[in-house]
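This report describes a structure in terms of its strands, annotated domains, salt bridges and chain interface. The sequence and coordinates come first.

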Number of protein chains: 2
Amino acid sequence: MTQTLSPTERQLPASATIRDNDAAVVDVESLGRVLLGKWADNRLAARKIAGMEAMQTPAGLTYTEHRERVMDQLKILVESKSVHGAFPKYVGGEDSHGANVAGFTELVVADPSLQIKAGVQWGLFGSAVMHLGNREHHEKWLPGIMSLEIPGCFAMTETGHGSDVASIATTAEYDAASEEFIINTPFRAAWKDYIGNGAVNGKAAVVFAHLITQGVDHGVHAFYVELRDDNGFLPGIGGEDDGIKGGLNGIDNGRLHFSNVRIPRTNLLNKYGDVAADGTYTSDIESPGRRFFTMIGTLVQGRVSLDGAAVNASKLALKTAIQYGTERRQFNGASDIKEEVLMDYQQHQRRLLPLLATTFAATFAHEELLHKFDDVFSGAHDTDEDRQDLETLAAGLKSLSTWHALDTLQECREATGGAGFLAENRFTALRADLDIYATFEGDNTVLLQLVAKRLLADYAKEFAGADFGVLARYVVGQATDVTLHRTGLRRIAQSFRDSGSEKKSAIALRDPRTQHDLLADRVGTMVAEVATALKEARGLPKDKGAAVFNENQHALIQAARAHAELLQWEAFTRGLERMEDAGTRQVMTWVRDLFGLCLIEKNLGWYLMNGRLSAQRARTLGPYINRLLAKIRPHALDLVDSFGYGQEHLRAKIATGAEKVRQDEAMEYQRLLRASGAAPVDEKVLIARRKAEQKKSRK
Amino acid sequence: MTQTLSPTERQLPASATIRDNDAAVVDVESLGRVLLGKWADNRLAARKIAGMEAMQTPAGLTYTEHRERVMDQLKILVESKSVHGAFPKYVGGEDSHGANVAGFTELVVADPSLQIKAGVQWGLFGSAVMHLGNREHHEKWLPGIMSLEIPGCFAMTETGHGSDVASIATTAEYDAASEEFIINTPFRAAWKDYIGNGAVNGKAAVVFAHLITQGVDHGVHAFYVELRDDNGFLPGIGGEDDGIKGGLNGIDNGRLHFSNVRIPRTNLLNKYGDVAADGTYTSDIESPGRRFFTMIGTLVQGRVSLDGAAVNASKLALKTAIQYGTERRQFNGASDIKEEVLMDYQQHQRRLLPLLATTFAATFAHEELLHKFDDVFSGAHDTDEDRQDLETLAAGLKSLSTWHALDTLQECREATGGAGFLAENRFTALRADLDIYATFEGDNTVLLQLVAKRLLADYAKEFAGADFGVLARYVVGQATDVTLHRTGLRRIAQSFRDSGSEKKSAIALRDPRTQHDLLADRVGTMVAEVATALKEARGLPKDKGAAVFNENQHALIQAARAHAELLQWEAFTRGLERMEDAGTRQVMTWVRDLFGLCLIEKNLGWYLMNGRLSAQRARTLGPYINRLLAKIRPHALDLVDSFGYGQEHLRAKIATGAEKVRQDEAMEYQRLLRASGAAPVDEKVLIARRKAEQKKSRK
């Protein structure tokens with residue numbers, strides 16, 4: 001048994017003491033500018049719109065009222081030309097991808113229903129026509145899509161298949177005689193489901209279906225299908241309303257089914273695969289698998305957008321909760337007359353500040369994702385490798401940030417008690433709306449497996465045929481310095497610098513190199529372990545191989561998560577370099593350290609079990625994090641102010657300073673009462689006095 | 001660096017192999033009987049009522065419609081005499097406390113709003129009159145409270161003070177001339193807030209206020225105050241509606257304020273403190289602190305009820321999600337034509353089965369809490385110590401189970417994808433309603449500090465003045481066998497049996513003694529560490545002392561949580577003894593092991609850092625848990641069926657078997673299509689064929 005240490009004894013040795021930098025002050029404005037990133041103007045313009053009352057939704061509407069209101073809000077977006085930036089110039093767009101998404105992600109602060117309904121119309125339906133169709137398609141349909149003359153659906157998901165798009169069952173069979181495709185949903189599970197604009201508004205849809213011609217199934221393709229005219233569904237089309245949902249009730253999600261619905265041959269969005277009049281199928285991409293992933297890959301924008309929106313929702317929540325936490329007083333601590341402000345409690349810091357640190361990490365990571373996205377879609381850097389990096393990065397970051405937003409909204413709700421539960425403070429509605437972000441545009445658990453698949457593929461490329469001895473030597477060589485260059489994916493690397501060395505004391509924990517190496521080492525080691533296990537599956541019958549894979553599924557997902565966390569940490573660290581103000585950089589470095597060290601603390605078992613941290617050093621971690629919290633605490637309000645959201649965005653009563661007004665009024669009342677001499681005496685005081693007198697009289 | 005082990009190498013040595021008990025079958029009915037516990041009849045009767053359509057609430061009502069519906073449902077509860085069991089026989093009750101709460105906790109399955117509104121009326125308002133008033137009060141008001149003639153409020157919480165009841169600011173000053181109390185809310189922060197029945201229905205209230213007489217403040221007491229007649233608020237009383245909330249919108253929460261509201265002297269609920277006509281204050285309990293805690297302590301029923309309700313909500317969610325998980329197929333794994341059932345994926349097991357194990361643990365712990373509650377309030381075992389044990393147990397278990405319910409509902413929502421987000425499957429509404437359970441009747445974070453305070457007090461009693469050497473010896477002596485006797489609180493105990501001994505292989509992990517000792521050791525050590533740190537605070541000036549406390553707040557809360565988890569583990573283990581069917585006991589033992597080992601895995605860093613587990617042994621934990629999951633998987637449906645909820649309680653479309661019908665239809669369609677020879681050929685198959693032919697022709 002290790003000797004039990006008192007908290008004081010557990011404190012860091014003097015050499016590791018954090019330099020007490022009292023001069024460190026956050027320059028809110030300059031930090032705010034860094035956070036706004038490359039497309040600051042687009043963000044600010046979108047925030048202006050999001051701050052309009054007409055773009056916001058009061059609590060308590062019925063779902064039908066909410067749907068109508070959001071539809072009206074979409075019209076305002078059209079009028080203000082806020083959502084057309086990504087479309088080609090020849091139809092009135094700007095060919096501007098990163099800027100468009102940057103602005104779009106800000107709409108979440110108005111109402112997530114508005115954001116997602118706009119996303120359905122322009123980000124999914126419109127994008128599919130743009131990315132999968134040809135110029136004729138663009139010129140024919142995009143103007144109506146952009147103007148909202150054609151509200152449309154992105155009809156991909158089916159009741160029987162969620163994130164597994166390749167397995168959908170809707171068919172589009174080519175009939176050469178009429179030169180038409182015939183769309184069918186052959187059974188109930190093949191109905192399109194959860195389709196935004198599907199229940200009421202959708203006049204057309206991009207329908208994903210297996211393209212069948214000349215007796216061959218060429219896999220999933222996208223087809224433009226008209227759904228409704230003014231009298232409702234066109235012949236052969238039916239559907240139903242998904243009804244009330246856990247959130248996002250401003251969107252009319254619904255189900256659609258097709259029975260022998262005929263569309264012209266030219267309604268196939270044929271960029272990656274076409275059918276000639278005689279029924280001959282052609283495609284520039286020979287492999288059906290690659291073709292499918294290329295098509296689906298063009299739709300990555302949805303994941304990029306959700307990542308950004310989730311980060312923005314987290315910012316809103318933290319600003320509100322931390323504002324309240326600096327005003328709300330509860331329980332007598334140090335003082336008899338004045339209660340403590342919530343943010344001064346260690347536990348309150350523990351609840352909110354790591355979430356704040358993660359929100360900054362996610363902000364920087366999202367900005368990099370947006371750059372990568374813009375690079376690919378502007379054509380600046382658009383190789384296969386770039387696209388794969390983009391998809392992997394989007395999958396990983398979207399998973400982390402959407403879960404993070406839910407955790408943050410919930411913690412902020414609880415940290416503000418009963419007030420947090422009232423609709424007037426918005427946590428609960430935002431959380432209800434964002435709930436589905438964790439599973440749409442790809443279930444997070446599935447997305448992390450996508451990330452893992454890429455990690456394994458990279459690993460295989462590097463180490464094909466290598467035995468473990470070779471691997472170990474390679475890894476040691478790598479460890480010297482792969483470090484912090486900007487790249488979508490990390491090479492597998494690990495470091496031995498930290499492990500075993502008792503002399504290098506806890507000072508190492510605040511060395512970014514140590515943090516990086518610990519985080520990177522974990523990813524690399526986990527991937528290597530899983531890869532080794534999966535090697536055994538090669539050559540086994542399919543069911544046995546699948547069993548081996550299944551036995552490693554949890555580890556694989558953990559590895560992917562660790563990888564995405566590392567990417568966030570790296571993005572944060574690169575973000576620090578963009579801070580010119582020394583005080584800001586100092587405080588934000590503490591925040592980055594908090595992020596990194598909380599990740600290590602979360603997986604402390606792994607680090608100890610695998611000999612990456614000594615027990616001695618591990619014991620310094622908790623106290624060190626607590627000291628970081630105390631150091632960051634005075635800057636908490638500045639940090640959330642740097643997010644730049646105004647009252648028109650927050651729209652939470654407890655973010656207005658109302659609590660401080662109440663607290664001040666209460667304290668002033670008590671002060672006056674005491675001063676007046678009319679205040680009742682506390683019975684406890686009376687008892688104490690009596691005891692003191694008895695004691696005296698006995699003497 | 002520790003050598004990297006492949007998953008196979010990491011598997012348990014042969015000696016530790018879990019005996020493959022293929023014969024183990026869960027006897028659903030007998031397990032169900034054990035779970036129903038002592039008050040099975042009351043539970044079943046309440047479930048019958050909860051299954052009535054009139055007691056349930058369709059999605060999409062406005063909050064005003066929902067409020068009206070719930071008020072009507074309360075009338076049905078009155079007619080069916082479902083909620084009066086706890087009241088004295090002389091007013092028509094049954095003096096039956098455990099039975100009453102057992103039934104009451106089942107109402108959550110109808111609609112949490114109904115449960116909580118009933119709780120406000122009978123569990124809080126009625127209980128306060130019962131426990132704090134005298135027989136005259138009972139005879140005067142309880143009949144009207146029981147019949148709902150007097151819908152009432154429990155007016156404790158104020159805008160400025162949530163869980164810190166002692167600091168509320170409403171005053172009740174005695175005026176001897178008129179023999180009346182004068183109630184005042186002196187400033188905005190003193191308004192009563194979040195008060196159920198406060199916005200609309202409440203005709204009277206038990207108002208908590210500082211009792212002031214003869215210039216002395218005797219602390220918080222409860223007063224019966226009439227609020228409204230048919231024309232609205234009575235003179236001097238005002239308020240406002242809290243409006244829409246994150247959930248529980250069937251309840252009219254509101255704010256109340258009082259300006260010189262006069263009530264008769266005899267409206268003081270005077271069981272623990274009284275004021276004579278001349279203004280003289282008397283109480284049987286001399287210490288104002290103890291008096292306050294005694295009064296508040298009588299209201300523990302609320303926490304006991306929330307604990308049980310949260311466990312029941314978790315059961316509903318898991319039955320629905322696991323039912324769906326055994327029907328839903330997604331992604332091709334082992335087979336080319338048949339996709340995998342979700343529950344067969346390791347990650348799906350990892351997501352749901354530990355939550356299921358925790359739900360069982362919480363069920364057994366709740367049953368014990370209910371016994372303790374009944375023992376105290378029936379007077380069977382009603383010492384000061386019993387009451388303190390009850391309060392500590394209720395505080396700890398309520399915290400764990402309400403958080404657990406939120407985690408479970410969320411995980412079930414995500415594990416069922418888009419379907420889980422639809423109102424028709426109920427996860428989202430239940431989660432929205434239960435959200436506030438984590439902070440009402442005491443914020444969970446505050447409640448855990450209450451638990452911690454008790455742990456520290458117990459520790460101080462045992463070890464007053466002891467130095468650390470003495471403590472260590474004591475602890476070794478204790479470790480021999482404190483173990484599994486039934487008691488509300490654990491003595492501080494730890495064991496060295498497990499640590500350091502590499503020889504004792506992973507087989508130890510499934511030994512309940514090992515699990516227990518590891519869990520108990522962690523509690524004991526953490527409490528001892530915090531106690532030692534706090535010892536330094538003695539004699540320091542108050543602000544310095546508060547700072548020391550604050551630096552240990554997080555550790556203290558962790559210790560309390562660990563303590564409550566240990567209590568759950570012990571209750572589960574005792575529960576196993578009540579299972580007569582061997583197969584059921586075998587499967588449930590695996591479930592208990594899963595619960596215990598997941599707790600240890602969650603805190604693996606602590607165990608390694610403190611030398612309680614060797615790295616070698618720690619590495620066996622993850623694979624062992626994965627094997628347990630695979631063993632429990634075939635029994636998952638039986639286990640959730642043992643909860644005994646029918647379709648009338650679940651009311652989730654995906655719990656009806658609908659998914660299986662859809663899957664079967666789809667598979668049958670594909671089978672017939674293949675059989676007909678009309679199925680299109682997959683392009684991938686075509687390519688493979690072509691390649692094979694090319695290869696052949698080249699030969």
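Strand E2 (residues 171–175) of chain A pairs with strand E3 (residues 180–184) of chain A in the antiparallel sense, over five bridges. Strands here are DSSP runs of E, at least two residues long, and helices are runs of H or I of at least four, both numbered from the N terminus; two strands pair if DSSP finds at least two bridges between them. A:Tyr174 has A:Phe181 in E3(A) as its bridge partner. Four residues lie between the strands of this E2(A) and E3(A) hairpin, and A:Glu179 there has a positive phi near 55°.

E3(A) is also joined to strand E11 (residues 261–264) of chain A, by four bridges in an antiparallel arrangement. In that pairing A:Ile182 is opposite A:Arg262 of E11(A).

## Basis of the model

The model is predicted: local features need pLDDT of at least 70, side-chain atom pairs count only at pLDDT 80 or more, and totals for chains, interfaces and linings use all residues. Residues are numbered from 1 along each chain as its sequence is written, chains are lettered from A and ligands numbered from 1 in the order in which they are written, and side-chain values use heavy atoms, with hydrogens and water left out.

## Annotated domains

UniProt, in an unreviewed entry, lists residues 153–261 of chain A as "domain: Acyl-CoA oxidase/dehydrogenase middle". This span is 49% strand and 0% helix, with its end C-alpha atoms 16 Å apart. Positions from UniProt are given in the numbering used here, feature names are shortened, and annotations may be inferred rather than shown by experiment.

Residues 512–654 of chain A are listed by UniProt (unreviewed entry) as "domain: Acyl-CoA oxidase C-terminal". Here the chain is 80% helix and 0% strand, and 37 Å separates the end C-alpha atoms.

## Salt bridges

Over all chains, the whole structure holds 82 salt bridges (a side-chain nitrogen of Lys or Arg within 4 Å of a carboxyl oxygen of Asp or Glu). One of them links A:Lys372 and A:Asp386, whose closest N and O atoms are 3.5 Å apart. A:Lys372 belongs to helix H9 (residues 346–377) of chain A and A:Asp386 to helix H10 (residues 384–415) of chain A, so the pair ties together parts 14 residues apart in sequence.

## Interface of chains A and B

Contact (heavy atoms within 4.5 Å) involves 118 residues of chain A and 117 residues of chain B. The area buried between the two chains is about 9,500 Å², with 56% from carbon and sulfur atoms; buried area is the accessible area (1.4 Å probe) that two parts lose on being put together, summed over both.

Six salt bridges cross the interface of chain A and chain B, including A:Arg291 with B:Glu683 at 2.7 Å, N to O. Strand E16 (residues 681–682) of chain A runs parallel to strand E6 (residues 216–226) of chain B, joined by two bridges, and A:Val681 is opposite B:Val216 in E6(B).
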